[in-house]
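Work through the exercises below with the model open. Each task is followed by a stepwise solution.

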Amino acid sequence: MLTIPLTSAGAERTFSKLKLIKTYLRSTMSQQRLSGLATIRIEKELSEQLNYEDIINDFASKKARKIKEL
């Protein structure tokens, strides 16, 4: 009884903000990114085998080289 909150206003506010953030992200996301995310979800077994750390490092190094060229 002592741990049950009297109201759920805090939780409702949290879910409301989460809903706003998700709506914003969906509305600003390009079709290419949506397709990529859908592909990752569909190919779940394959995506679980990927080493995301290597992918991120590879992406960062390519971006760093591109900035130096400018």
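A salt bridge is a side-chain nitrogen of Lys or Arg within 4 Å of a carboxyl oxygen of Asp or Glu. The model is predicted: local features need pLDDT of at least 70, side-chain atom pairs count only at pLDDT 80 or more, and totals for chains, interfaces and linings use all residues. Residues are numbered from 1 along each chain as its sequence is written, and side-chain values use heavy atoms, with hydrogens and water left out.

**Exercise 1. Salt bridges**

Task: find how many salt bridges the rule gives, and place each one.

Solution. 
- Step 1. Lys44 and Glu48 pair through their side chains at 3.2 Å, N to O. Both residues sit in helix α3, 4 residues apart, about one turn of the helix. Helices here are DSSP runs of H or I with at least four residues, strands are runs of E with at least two, and numbering starts at the N terminus.
- Step 2. Lys62 and Asp58 pair at 3.5 Å, N to O. They are 4 residues apart in helix α4, so about one helical turn separates them.
- Step 3. Now classify exposure. Buried means under 20% relative accessible area, exposed over 50%, and partly exposed in between (1.4 Å probe, protein chains only). Glu48 is exposed because its relative accessible area is 54%. Lys44, at 39%, is partly exposed. Lys62 is partly exposed at 48%, and Asp58 is partly exposed at 39%.

**Exercise 2. Ser47 and its contacts**

Task: decide whether Ser47 is buried or exposed, and list what it touches.

Solution. 
- Step 1. Ser47 belongs to helix α3, residues 44-49.
- Step 2. Its relative accessibility is 9%, so Ser47 counts as buried.
- Step 3. Contact means heavy atoms within 4.5 Å. Leaving out residues up to four places away in sequence, Ser47 touches Ile40 and Tyr52.
- Step 4. Tyr52 lies in helix α4. At 42% relative accessibility, Tyr52 is partly exposed.

**Exercise 3. The nonpolar patch**

Task: name the residues of the nonpolar patch and find which helix supplies the largest share.

Solution. 
- Step 1. Patches take residues with over 30% relative accessible area and no salt bridge; like charges are joined within 9 Å, nonpolar side chains (Val, Leu, Ile, Met, Phe, Trp, Tyr) within 5 Å.
- Step 2. The members are Leu37, Ile40, Leu50, Tyr52, Ile55 and Ile56, with about 540 Å² of accessible area together. Areas come from the Shrake-Rupley method with a 1.4 Å probe; for residues, only the protein chains shown count as cover.
- Step 3. Helices α2 (31-42) and α4 (52-69) each give at least two residues. The largest share, 3 residues, is from α4.
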